[in-house]
Amino acid sequence: MGRLLADSPCSHLTAKVKGGGGLRMYKRNRMIVTNPVVSRKDPTFNTTTYDWAPAGLNQKLAMQYMELIPESQRTVSGTEGALERRRQLLSQLPAYDQDPMKCQSLASEEEISSMLLFVKHYKQEVLGVGEVALPGEGDALKEAANQRTAKEAKDRSNSDKKDSLEHQDHGSAGSNAAGSTNGTDDGTKTEHRCTGCHGEVAKESPAVYAERSGYRGALWHPTCFVCSECGQGLVDLVYFWSNQKLFCGRHYCQTVWPRCSGCDELIFCQSFHTANDGRTWHRHHYCCWKCGQSLDTPCQH
């Protein structure tokens with residue numbers, strides 16, 4: 001996840017690994033909830049650990065969010081919900097869709113270059129992480145996003161100036177403050193509708209916003225923030241926004257490049273096999289995995 005979010009507008013959800021040569025680690029925002037247990041003896045406490053919770057929330061709002069999703073999907077450590085989250089991370093965000101080093105089927109420099117350009121594009125234009133807030137708080141989220149963008153631009157500028165000053169005796173520091181673009185706050189609305197199911201979203205109920213869709217007018221019930229292709233809840237609220245729809249990473253990538261039904265990796269070569277049922281294969285993977293015979297020719301396996 002750290003590699004996926006690095007070099008994207010969501011990089012603030014990662015942290016540099018000390019001594020990692022620029023590698024970034026995902027800050028998954030683990031949440032620990034402690035509740036007192038009333039008893040006749042000395043007070044004791046029950047502690048519940050969530051392997052993941054939405055970033056940037058106080059505990060009360062985070063718990064409101066958790067209560068809105070099915071219990072089987074809550075990321076309580078050691079439960080089926082936590083295990084399901086791990087399975088979804090592997091399924092929705094496979095490493096071989098992000099990193100050429102993990103994609104074993106790349107056979108040429110041209111294919112590697114195609115994948116690198118594809119990953120760079122979706123990080124900058126498509127990838128996002130949903131943000132949880134109350135209906136009507138979209139402008140506050142937008143302002144925070146503007147401030148993050150301004151800070152990142154200033155940091156890059158300062159870094160460039162530092163490099164330049166290494167060859168000069170004197171230099172001047174400058175700053176470019178990005179102006180906020182405030183408009184009519186959607187908090188003035190008397191009614192909020194879910195972009196997914198079009199049902200009403202109660203003003204006191206947490207909703208999910210997606211920066212790529214715009215903060216005004218677009219919000220989702222937590223259970224409606226799902227991939228438009230497979231219908232699964234978007235793990236850790238990581239989404240890909242394309243054609244005005246939410247996708248998980250797996251299904252967004254498949255709208256751009258075909259996926260091999262043999263190795264499950266994306267196909268970046270020009271020549272591949274398409275079966276009668278529409279599934280696609282690397283040519284050398286369209287075979288029986290036991291004997292290697294083409295699937296067009298019946299074999300004993």
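This note goes through the fold, the cores, selected residues, the cysteines and the cavity of the model.

1. Basis of the values. The model is predicted, so that local features are reported at pLDDT of at least 70 and side-chain atom pairs at pLDDT 80 or more, whereas totals for chains, interfaces and linings use all residues. Residues are numbered from 1 along each chain as its sequence is written, and side-chain values use heavy atoms, with hydrogens and water left out.

2. Overall fold. The chain has 6 helices and 11 strands, taken as DSSP runs numbered from the N terminus (H or I of at least four residues for helices, E of at least two for strands). Of its 301 residues, 38% are buried, where buried means under 20% relative accessible area, exposed over 50%, and partly exposed in between, with a 1.4 Å probe and protein chains only. Among contacts with a separation of 6 or more, 52% join residues 24 or more positions apart, a contact being heavy atoms within 4.5 Å.

3. Nonpolar cores. The largest nonpolar core holds 57 residues, of which Tyr122, Trp220, Phe225 and Phe240 touch the most other members; such a core is a set of buried Ala, Val, Leu, Ile, Met, Phe, Trp, Tyr and Cys residues joined through side-chain atoms within 4.5 Å. Leaving out residues up to four places away in sequence, the contacts of Phe225 include Val208, Trp220, Leu237 and Leu246. A second, separate core has 6 residues, among them Cys260, Ile267, Trp281 and Tyr286.

4. Met63. This residue belongs to helix 2 (residues 59–68) and is buried, with a relative accessible area of 18%. Beyond its neighbours within four places in sequence, Met63 is in contact with Met31, Val33 and Tyr50. The C-alpha atoms of Met63 and Pro206 are separated by 9.8 Å, although the two residues are 143 residues apart along the chain.

5. Arg85. Located in helix 3 (residues 80–92), Arg85 counts as buried at 7% relative accessibility. Residues up to four places away in sequence aside, Arg85 touches Tyr26, Arg28, Asp51, Trp52, Thr75, Val235 and Asp236.

6. Cysteines. The structure holds 0 disulfides, a disulfide being a pair of cysteine sulfur atoms within 2.5 Å. Cys194 is in no disulfide, and the nearest cysteine sulfur, that of Cys224, is 3.8 Å away; Cys194 counts as buried at 1% relative accessibility. The sulfur of Cys248 has its closest cysteine sulfur in Cys227 at 3.8 Å, which is too far for a bond, and Cys248 is likewise buried, at 1% relative accessibility.

7. The largest cavity contains about 40 Å³ of space, and its lining includes Leu4, Gln92, Asp97, Tyr122 and Phe240. Helix 6 (residues 249–256) supplies the largest share of that lining, 3 residues. In helix 6, Gly249, Arg250, His251, Tyr252 and Cys253 are buried, and the buried residues of this helix pack against helix 3, helix 4 (109–125), strand 8 (238–242) and strand 9 (245–247).

Notes
1 Å grid on protein atoms, 1.4 Å probe; cavity = no way out; pocket = protein on both sides within 12 Å on 5 of 7 lines; lining within 4 Å. Points joined across faces, edges and corners; volume = space filled by probe spheres on them.
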